[in-house]
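Student: Could you go through this structure with me? I'd like to take it one piece at a time.

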Amino acid sequence: MAGAGATYLFGVYSKDIKATLGYDQSTLNLMSTFKDLGANVGVLSGLLAEVTPTWFVLLVGAVMNFAGYFMIWCAVTKKIPTPQVWHMCAYICIGANSQNFANTGSLVTCVKNFPESRGIMLGLMKGFVGLSGALFTQLYYAIYGNDSKSLILLIGWLPAAISLVFVYNIRIMKISRHPNEHKVFHEYLTISVILALLLMGLTIAQKKVTFPRIGYVLSAVVVCVMLFSPLAIAIREEYYTWRHRKQITTPTSIIVEATPPTETVSKSEIEPECTETEIVMKNQEDSCCTNICKRPKRGQDYTILQALTSADMLLLFVATFCGLGCSLTAVDNLGQIGESLGYPQLTISTFVSLLSIWNYFGRVFAGFVSEKILLKYKVPRPSIMAFALLLSAVGDLLIAFPWPGSVYPASLVLGFSYGAQLTLLFTIVSELFGLKYYSTLFNCSQLASPLGSYVLNVRVVGKLYDREALKQLAAKGLTRSMVKELTCMGKQCYRLSFLILAAANFCAFFVTLILVARTRKYYRGDIYKRFRDEMEANEKEMALKQAQEIQEVKK
């Protein structure tokens, strides 16, 4: 997941594409929209995951990632003839779409393996995606130096290599309780917070002080060690589980723990208690596209069409169109915003890294904190999403009315709210529509995001930016044909467009409040009961097998 967020680095290398290929801002924003389209239209990966094993989904994603970004790198470095605009849009769409295969393969698998901790799991997993921008920045400084064109090549080969290395490790396991589950998740959280603070410290230090090449290399080594340190916890827990199972199955422990000879563990004594769970599971064996009109209760397994045609999904679609559409637009234009306000390139890279880090904090907050608020106070999770949308509107206003250094807090607020929205969207979909077709539904839920990005980024922000730039050219007595790159400088370049984005976020806020009102009763109940029942059924089945083994040993 830490290698599946390269799309957030578009603001760093977009200026190279614009300068090398002679694009104006509208054309660059069109390419950015195709990036967002690829990054958010994950229906293909979702449907593929329904019929193929996880390793195949990850393998397809690795091939697409390398192919898309390698072609962009070849175009920017002039290793191939200058492609047409639609070629570049296709390349970045394919490369960005690959992250959906990593998301589907990793995230969906973990949510199904830990259904009772899905909020925590989603926050943690998506949090590492949020850190990927800052992680890639450290690695490309260490490997290539301050060469943003080579960053495109790094984005091409590194995520593909990660997927290939871990392709067999990620798989769906049979649901069962682990005694240290929450403790392990909080240990992972601690490590990831330390990693995020380390990245933020390095980012600020590298802005203040010019690091030598060896300094960048050492920084990257420390970051990689921190990134892989959760592996030690995983090994510890695997050893604990192996030792526990070994104690249960050894002859000595069997004699001590076995039931008295007069008592016989009967299969019928265990099975009756599982009947209710089995009936529920049998009733859910519907086709993915049946019973559109007869929808189940919230929290049960919806079919794909039942979910897509429900009022709850429509409200999520509108909120995502406005909210995530605005956030993607802000993220994609951050590089040009910094340029228009006169910031140097190194500072612009700092904005992108800070946005990536606070994107992480937003995802983790939305996962861990919203889970605790939900379980303790029964606060509907959509209400926390409404709060994130208000924050996004504040970030838009900071861009619309800038002052010296205001892009720093704006990047923090926008990154935090964007990360929180993503985690909350995926969690809400799993809670309202079930997990049976989650790999498809969570990808469908974000379809509104690239649509919103296209309308707001290309048709609004791009057009208004170019209009201001043409005004400045006319004031200098120049025309568009006289300059290769269309650039706008000053506070007015993004003022009107980001006021429109702030208004769109307020609209998303009010739509989300409607969803809060509709789901309040559902969130007051026990939304994880069916998954606890399933775990208990699995544990009883394991107990039955162990009891049968004990009886065989005694015989």
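Student: How do helix 17 and helix 21 run relative to each other, roughly parallel or roughly antiparallel?

Tutor: This is a predicted model, and in it helix 17, which covers residues 381–400, packs against helix 21, residues 495–524, at an angle of about 170°. Angles over 145 degrees count as roughly antiparallel, and therefore helix 17 and helix 21 are roughly antiparallel to each other.

Student: And how far apart are their axes?

Tutor: The axes of helix 17 and helix 21 are 7 Å apart.

Student: What classes of residue make up that contact?

Tutor: The contact of helix 17 with helix 21 has 20 nonpolar residues, together with 5 polar and 3 charged ones.

Student: OK, switching topic: how many disulfides does the structure hold?

Tutor: It holds 1 disulfide, formed by Cys488 and Cys493, whose sulfur atoms are 2.0 Å apart.

Student: Is that link left-handed or right-handed?

Tutor: The link of Cys488 and Cys493 is left-handed, with -90° about the S-S bond.

Student: What about helix 8 and helix 9, at what angle do they cross?

Tutor: Helix 8 (residues 181–208) and helix 9 (residues 213–228) cross at roughly 165°, and their axes come within 10 Å. That makes helix 8 roughly antiparallel to helix 9, and the crossing of these two helices is left-handed.

Student: Which residues meet there?

Tutor: On the helix 8 side they include Ile191, Leu195 and Leu202, while Tyr216, Val222 and Met226 are among those in helix 9. By class, the residues of this contact divide into 11 nonpolar, 2 polar and no charged.

Student: Last one: which residues does UniProt give for the NFD4 C-terminal domain?

Tutor: UniProt, in an unreviewed entry, places the feature "domain: NFD4 C-terminal" at residues 310–523. In the model that span is 81% helix and 0% strand, and its end C-alpha atoms lie 18 Å apart.

How values were computed. Residues numbered from 1 in each chain as written. Predicted model: local features only at pLDDT ≥ 70, side-chain atom pairs only at ≥ 80, totals over all residues. Heavy atoms only, no water. Axes fitted to C-alpha atoms, helices over the stretch in contact; angles between N-to-C directions. Helix = DSSP H or I, 4+ residues; strand = E, 2+ residues; numbered from the N terminus. Parallel < 35°, antiparallel > 145°, perpendicular 65-115°, else oblique. Left-handed = near helix turned anticlockwise from the far one by under 90°. Contact = heavy atoms within 4.5 Å. Nonpolar A, V, L, I, M, F, W, Y, C, P; charged D, E, K, R; others polar. UniProt positions renumbered as here; feature names shortened; annotations may be inferred. Disulfide = S-S within 2.5 Å.
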